Amino acid sequence: MNRFTLLLVSQWIANAGDALYIVSLIAMIYQTTGQASLAALFPVLVTAGMTGSGFLFAQVAQRVPHASLLFSSQLLKTILLGIIWGLDLPLPLVLGLVGCIAFFDGFARPIESAFIPRLCQDVQKANSLVQGSNQVIQLIMWPLGAILVSWLSPLSVLSVSAGLFLGASLISYLFYRSVRSLPDPSMEGEDVSFRSSIRYTRTHPFAKANTYLVGIDAFVSTAWISALFLVYIDTHFQLSERWWGILNAFYLLSMIAGSYMMLRRRGTRSLLYRSIGFSIVATFLFAFAPIVTLAVIACLLQGFASQVRAIELNTLLQTTTPLERLPYVYSVQQTVYALCFCLGSLLFGWLADLFAIEIVYALAGVLSLLMWQPARQLLNRSMPTQKQVS
């Protein structure tokens with residue numbers, strides 16, 4: 001396998017393991033405590049872990065070769081999951097280890113994204129493949145995990161997840177071996193820290209506008225999380241929970257379709273404005289859909305638009321940011337994304353308890369308008385030609 005394929009396969013296996021371990025732990029905690037509300041702690045713990053790694057990423061990545069950091073973080077995640085699987089730990093310690101797994105994941109993701117322009121000539125195609133395959137894995141592994149938990153046991157599913165983590169570690173090691181002779185882009189004599197990474201992101205026009213857009217998008221997209229879908233189906237249409245799964249499935253399928261379209265696309269004209277417009281229309285349509293068919297159409301529009309936007313933003317960031325700065329900008333962007341997603345989840349969840357769900361989605365539609373300004377800043381400047389990286 002070539003270098004990019006090794007990186008992609010390691011992501012596939014790790015993402016599959018992530019989905020299974022979260023499903024199995026949620027089921028295990030519910031069976032032990034009888035409190036489904038504890039499942040709500042998982043996104044908070046993941047956000048806290050990834051935010052913590054964001055503060056330390058620059059110092060660590062400056063001292064440790066990036067391929068070695070990628071392999072080490074996956075190996076440490078595997079060891080931590082093995083501890084959860086092998087030992088009968090109290091619940092607070094299990095939740096603490098979940099946060100630690102997210103902490104190490106926060107080191108891996110910026111490195112993975114920053115490697116793409118170093119390994120691929122067509123970065124849009126590579127990003128489309130990465131984003132699309134991740135959605136396929138999510139579409140398959142979450143329902144599969146639920147089925148396996150019902151057939152077997154949460155501990156058995158957790159053991160499968162541990163095996164997948166181990167497989168991801170092995171593939172990550174092969175990737176490390178294949179690129180260890182490839183020197184990391186250096187910033188000799190420059191200050192590299194979390195503060196300097198933020199300063200660079202704030203002063204570099206493309207990185208700044210890109211990160212603002214990602215943060216706003218993360219905040220408003222929390223209106224489309226599964227928990228609010230369930231409230232929407234129950235209160236807006238008074239339909240059974242079966243439609244909850246249907247809406248989630250259509251949403252994920254449309255994201256896969258968006259990735260496929262970007263993978264096959266040959267044009268260079270930006271789709272950023274159109275994707276934002278589609279998201280705004282989809283959100284208002286979803287809020288006031290008189291029949292469930294229109295709600296499904298809104299899900300298809302939103303999933304497709306959000307995926308196209310994510311791929312284009314990744315491609316723009318990779319082709320406008322110096323390679324030596326790219327991992328650090330990605331780390332800042334990941335921290336911004338995690339915080340905005342957490343805040344959005346809390347806000348929209350709180351509003352859903354206070355007001356009708358239609359008002360929540362209408363507010364999300366209004367807030368989506370904030371994406372226009374950073375998008376305009378990105379597209380009003382001349383785009384440099386895409387880097388040709390061997």
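## Cavities in the predicted model

The largest cavity has a volume of about 50 Å³. This is a predicted model, in which local features need pLDDT of at least 70 and side-chain atom pairs count only at pLDDT 80 or more, while totals for chains, interfaces and linings use all residues. Residues are numbered from 1 along each chain as its sequence is written, and side-chain values use heavy atoms, with hydrogens and water left out.

In total, the structure holds two cavities of 30 Å³ or more (a cavity is a set of points on a 1 Å grid over the protein atoms alone where a 1.4 Å probe fits but cannot get out; lining residues have an atom within 4 Å of a point; points are joined across faces, edges and corners, and a volume is the space filled by probe spheres set on them).

| Cavity | Volume | Lining by class |
|---|---|---|
| Largest | about 50 Å³ | six nonpolar, one polar, two charged |

The lining of the largest cavity consists of His66, Ile111, Ala114, Phe115, Arg118, Pro185, Leu323, Glu324 and Pro327. Helix α4 (residues 91-119) gives the most to this lining, with four residues (helices are DSSP runs of H or I, at least four residues, numbered from the N terminus).

Around the second largest cavity lie Asp217, Val220, Ser221, Trp224, Ser279, Thr283, Gln302, Arg309, Ala364, Ser368 and Met371. At least two residues of this lining come from each of α8 (205-221), α11 (272-288), α12 (292-320) and α14 (357-368); α8 gives the most, with three residues.

Conventions:
On a 1 Å grid over the protein atoms alone, a cavity is a set of points where a 1.4 Å probe fits but cannot get out, and a pocket is an open set with protein on both sides within 12 Å along at least five of seven lines; lining residues have an atom within 4 Å of a point. Ala, Val, Leu, Ile, Met, Phe, Trp, Tyr, Cys and Pro count as nonpolar, Asp, Glu, Lys and Arg as charged, and the others, Gly among them, as polar.
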